[in-house]
Amino acid sequence: MIEAHELTKRYGDKTAVDGISFTIAPGSVTGFLGPNGAGKSTTMRMIMGLDRPTTGTVTVNGKPYAKHRSPLSEAGALLDAKAMHPGRTARSHLRTMAATHNIPAARVDEVIEMTGLSTVAGRRVGGFSLGMGQRLGIASAMLGDPRTLILDEPVNGLDPEGVQWVRRLVRSLADQGRTVFLSSHLMSEMAQTADQLLVIGRGRILAAGPVQEVIDSVSGATVRVRAPRAGELAALVPAGGVTVSSPKPGTLELRGIDAAQVGEIAGAHGITLHELSPRNASLEEAYMSLTQDSVEYRSDSSFAAKGANR
Amino acid sequence: MSTTVTAPAPVRTPSPRPVLPARPSFVGVLRGEWIKLLSLRSTWWILAVTIALITGISLAVAYSLDAMAADPAQASSLATTNGADVVSGGFQLGMVSVSVLGALLITGEYSTGMIRSTLAAVPTRVPVLAAKAIAVAVLTVAVSAVSIAVSYLVTMPQLGTYDLVPALDQARTWQVFGGTVFFLVAAALFALGVGTLLRSSAGAITVALTVLLLLPGILSFIRVGWVETIVDYLPLPAAGAFLGGNQGSLSSAGSGLTATTGVLVVAAYALVPLVAGAVVMRRRDA
């Protein structure tokens with residue numbers, strides 16, 4: 001369980017995270033989605049007690065991370081793939097972390113095996129590929145068998161087999177009742193991995209909830225119609241709550257009406273249809289429209305705020 | 001054909017209490033820092049270089065006694081030369097390498113990003129710095145003791161020629177050896193403290209070596225009262241006060257301090273940057 005309340009982080013006059021509040025529930029995989037520079041990594045560093053919030057609070061399993069008696073048992077984090085000394089072997093890196101919590105050596109071997117690093121555990125980290133670094137970072141995060149996992153871009157640099165492995169891993173961890181919070185800018189990855197979404201743009205939460213709900217809330221389903229008499233059909237569609245656009249001649253995209261209704265109208269007026277297809281907005285479309293809005297919203301609001309102050 | 005596929009309901013077990021035995025302790029943090037130190041090749045290189053420098057210089061000093069003996073003008077300084085000073089004669093170069101060790105212990109973590117793993121494991125932070133200080137102090141004591149022991153052995157034949165082999169039953173001998181070890185530990189801790197404050201390897205090593213090595217040499221040319229007072233309170237001249245620097249020995253800088261004041265000044269150089277580093281480390285973003 002991760003709870004943030006009015007969490008804000010400013011660096012000089014740049015606001016990286018702007019008063020966000022959210023709750024990440026245990027037992028599910030929550031995706032933290034946003035473009036680069038949106039504040040994902042800053043938020044995760046604040047959760048792990050590495051960066052101090054300018055204002056606001058964030059707790060892990062009910063307490064600020066640093067206040068836990070056994071921090072690595074509460075939360076494990078992969079914050080960036082290279083949070084390790086390149087001159088140390090993978091096993092030594094894990095041993096230094098395990099020692100602080102008196103975690104037995106058997107657990108070090110366990111996470112090495114779990115992350116598929118057995119054959120390279122004795123090699124120095126400096127020679128690791130990005131993917132191997134990610135696996136070692138995940139091994140470090142898993143070391144304390146934590147109740148909460150925080151993974152920043154975990155699939156970054158992984159090969160397809162590794163991506164599958166991360167997906168299965170986070171799923172099984174969530175099914176065990178743990179809290180899994182992972183960030184990504186890969187929307188398609190989120191669609192396959194996450195149950196819940198937290199969308200962030202320019203330091204603000206833009207949307208939160210189950211994946212499908214977030215997508216639906218942004219852009220409802222559309223109906224695509226191809227008809228020789230498209231213009232006639234567009235005029236017949238009831239005006240209230242329906243938006244009609246025509247990306248090219250003979251083609252309509254209707255929002256706020258379902259395919260059956262469009263078919264009824266066409267049939268009643270004898271309009272021939274060449275295509276009638278319902279389309280669900282993809283995560284990418286939802287994401288683009290969300291973050292686009294955030295840009296517009298931001299500039300508008302700052303303008304409005306200035307005007308109001310005068 | 002209509003087949004209804006029902007996805008099996010995911011099994012939700014209650015949040016598991018950690019079954020893994022994980023009990024953080026300061027001893028554990030100390031063990032972690034110890035593993036960190038010993039698991040880097042650079043540490044072993046620095047240790048080897050330290051021993052080589054200290055014994056190499058002491059051997060060279062021992063053989064320069066031949067030249068002193070041959071030159072009538074220097075015969076008097078040969079008479080006042082203390083064998084213990086010859087044995088520990090290479091400590092100034094040893095100081096350079098142990099301060100690099102001390103600085104890298106913390107700046108290496110900042111430059112590589114390891115610090116984020118370290119502070120995630122020990123979010124209260126200050127125990128990490130305390131453990132680093134203890135680990136580097138223990139290692140410095142070990143490497144200085146080994147260096148002096150090796151120096152003692154390799155210079156013994158040459159010092160024997162002039163009847164200068166330091167007597168191990170003499171307090172003076174142990175004051176020099178003990179003082180040398182103490183000074184090297186202080187140099188390593190000073191560099192660790194400066195490294196914690198600056199977080200940059202190049203910056204920390206530059207500052208540490210400037211204060212430890214360069215300033216005493218450069219400022220000693222300035223014959224102005226207050227500058228001479230400053231020089232007295234720099235680490236190396238202050239160490240001269242308790243290393244009992246006689247004329248002719250490498251540690252002599254004509255210190256104006258008493259031995260006790262010298263010890264306190266050197267201790268302050270070790271502790272003040274460390275305490276300041278701890279305060280800053282607690283507050284700063286990692």
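The contact between the two chains takes 38 residues from chain B and 41 residues from chain A, where two residues are in contact if their C-beta atoms, placed from the backbone, lie within 7 Å. This is a predicted model, in which local features need pLDDT of at least 70, side-chain atom pairs count only at pLDDT 80 or more, and totals for chains, interfaces and linings use all residues. Residues are numbered from 1 along each chain as its sequence is written, while chains are lettered from A and ligands numbered from 1 in the order in which they are written.

On the side of chain B that touches chain A, H1, helix H2 (41-70), helix H5 (91-112) and helix H6 (114-121) of chain B each supply at least two residues. Helices (H or I, at least four residues) and strands (E, at least two) are DSSP runs, numbered from the N terminus. By class, this side of chain B has 19 nonpolar, 12 polar and 7 charged residues. Here Ala, Val, Leu, Ile, Met, Phe, Trp, Tyr, Cys and Pro count as nonpolar, Asp, Glu, Lys and Arg as charged, and the others, Gly among them, as polar. For the complex, the predictor gives an ipTM of 0.85 and a pTM of 0.84.

Confidence within each chain is given by pLDDT, the predictor's confidence in each residue, from 0 to 100. Chain B averages a pLDDT of 88, and 90% of the residues score at least 70. Among the elements of chain B, helix H1 (residues 26-38) of chain B has the highest mean pLDDT (97) and helix H3 (residues 75-80) of chain B the lowest (76). Over residues 1-16 of chain B the pLDDT stays under 50, and the model has 13 contacts beyond four places in sequence for them. The pLDDT is also below 50 over residues 246-253 of chain B, a stretch with 29 contacts in the model beyond near neighbours in sequence.

Chain A has a mean pLDDT of 87, with 90% of its residues at 70 or more. In chain A, confidence is highest in helix H3 (residues 90-100) of chain A, at a mean of 97, and lowest in helix H11 (residues 283-309) of chain A, at 53. Residues 296-310 of chain A have a pLDDT below 50, and beyond near neighbours in sequence this stretch has 1 contact in the model.

In chain B, helix H12 (residues 259-283) of chain B packs against helix H7 (residues 126-161) of chain B at an angle of about 150°, with their axes 9 Å apart. Axes are lines fitted to C-alpha atoms, for helices over the stretch in contact, and angles run from 0 to 180 degrees between N-to-C directions. That angle makes H7(B) roughly antiparallel to H12(B); angles under 35 degrees count as roughly parallel, over 145 as roughly antiparallel, 65 to 115 as roughly perpendicular and the rest as oblique. In this pair, Val126(B), Leu129(B) and Ala133(B) of H7(B) meet residues of H12(B) including Leu274(B), Gly277(B) and Met281(B). The contact of H7(B) with H12(B) has 6 nonpolar, 1 polar and 1 charged residues.

H12(B) also packs against helix H8 (residues 171-198) of chain B: the axes come within 8 Å and cross at roughly 25°. H8(B) is therefore roughly parallel to H12(B). Among the residues that meet are Phe183(B), Phe190(B) and Leu197(B) in H8(B), and Tyr269(B), Leu274(B), Gly277(B) and Met281(B) in H12(B). This contact has 16 nonpolar, 3 polar and no charged residues.

Chain A contains an open sheet of 6 strands in the order E5-E6-E7-E3-E8-E9, with mixed pairing. Two strands pair if DSSP finds at least two bridges between them. Strand E5 (75-78) and strand E9 (204-210) of chain A each have a single partner strand, so one side of each is left without a neighbour in the sheet. The twist averages 15° from one strand to the next. Strand E3 (residues 29-33) of chain A pairs with strand E8 (residues 196-201) of chain A in the parallel sense over 4 bridges, and Leu33(A) stands opposite Val199(A) in E8(A). Helix H5 (residues 130-142) of chain A lies across E5 and strand E6 (148-152) of chain A, at about 170° to E5(A).

An open sheet of 3 strands in chain A has the order E2-E1-E4, with antiparallel pairing. Its edge strands are strand E2 (14-24) and strand E4 (55-60) of chain A, each of which pairs on one side only. Strand E1 (residues 2-11) of chain A is joined to E2(A) by 7 bridges, and Ile2(A) has Ile24(A) as its bridge partner in E2(A). Helix H1 (residues 40-47) of chain A lies across E1, E2 and E4 of chain A, running at about 120° to E1(A).
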